[in-house]
Amino acid sequence: MATATTPRLKARYDSEVKAKIMAGASLPTGGLTPSPKGAYNDPALATASRAALVTALGKDAVITPPALQMVSEDFAYYQKEIPGFYFFVGLRNEAKGITAMWHTEFYDMDEDALPVGVKAMATVALDFLQR
């Protein structure tokens, strides 16, 4: 199941799916469902949260991804109720052969990254509560 947040994104999604089908790709069934809106990082919350992440993890460990990413997440439903900050915890570890993206049959995670994720989430939450 994929999520399209705007008519423009739905048209882009539809054209990319059609191109993949024409190329012989096997695609999952389910269709396209509307989202309440795309997952959106409130700029003030993102800036403050990024600062907390840099404090907790170090400047080199916090990477800002491209501005627009087409992902299918339910996080936007939470953001209907309250502002949110969506961030990823990197779980890639080439030394252990852990390189696949999530939502694939090859996905695995480096469990050594779990404490990093807990530290990141706790630091952002505590920083927010102190503001």
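Guide: A salt bridge is a side-chain nitrogen of Lys or Arg within 4 Å of a carboxyl oxygen of Asp or Glu. The structure discussed here is a predicted model.

Visitor: At what N to O distance do the side chains of Arg92 and Glu94 meet?

Guide: Side chains of opposite charge can pair when their charged atoms come close. Arg92 and Glu94 form such a pair, a salt bridge, with an N to O distance of 3.2 Å.

Visitor: Is Arg92 buried or exposed?

Guide: A residue counts as exposed when its relative accessible area is over 50%. For Arg92 the relative accessibility is 53%.

Visitor: In what order do the elements of the chain run from the N terminus on?

Guide: The chain contains 4 helices and 2 strands. Read from the N terminus, their order is β-α-β-α-α-α.

Visitor: Which residue forms a salt bridge with Asp112?

Guide: Asp112 is exposed, at 55% relative accessible area. The closest N and O atoms of its salt bridge are 2.7 Å apart, and the partner is Lys96.

Visitor: How many residues apart in sequence are the parts that Asp112 and Lys96 tie together?

Guide: The salt bridge between Asp112 and Lys96 has its closest N and O atoms 2.7 Å apart. Both residues lie in the loop between α3 and α4, so the pair ties together parts whose separation in sequence is 16 residues.

Visitor: Is Asp110 buried or exposed?

Guide: Asp110 is placed in the loop between α3 (75–79) and α4 (114–130). The cut-off for a buried residue is under 20% relative accessible area. Because Asp110 has a value of 9%, the residue is buried.

Visitor: How many salt bridges does a search of the whole structure find?

Guide: One of the salt bridges joins the side chains of Asp127 and Arg131, at 3.0 Å from N to O. Asp127 is partly exposed, with 27% relative accessibility. Across the whole structure, the number of salt bridges found is 4.

Terms used
Residues are numbered from 1 along each chain as its sequence is written. This is a predicted model: local features need pLDDT of at least 70, side-chain atom pairs count only at pLDDT 80 or more; totals for chains, interfaces and linings use all residues. Side-chain values use heavy atoms; hydrogens and water are left out. Buried means under 20% relative accessible area, exposed over 50%, partly exposed in between (1.4 Å probe, protein chains only).
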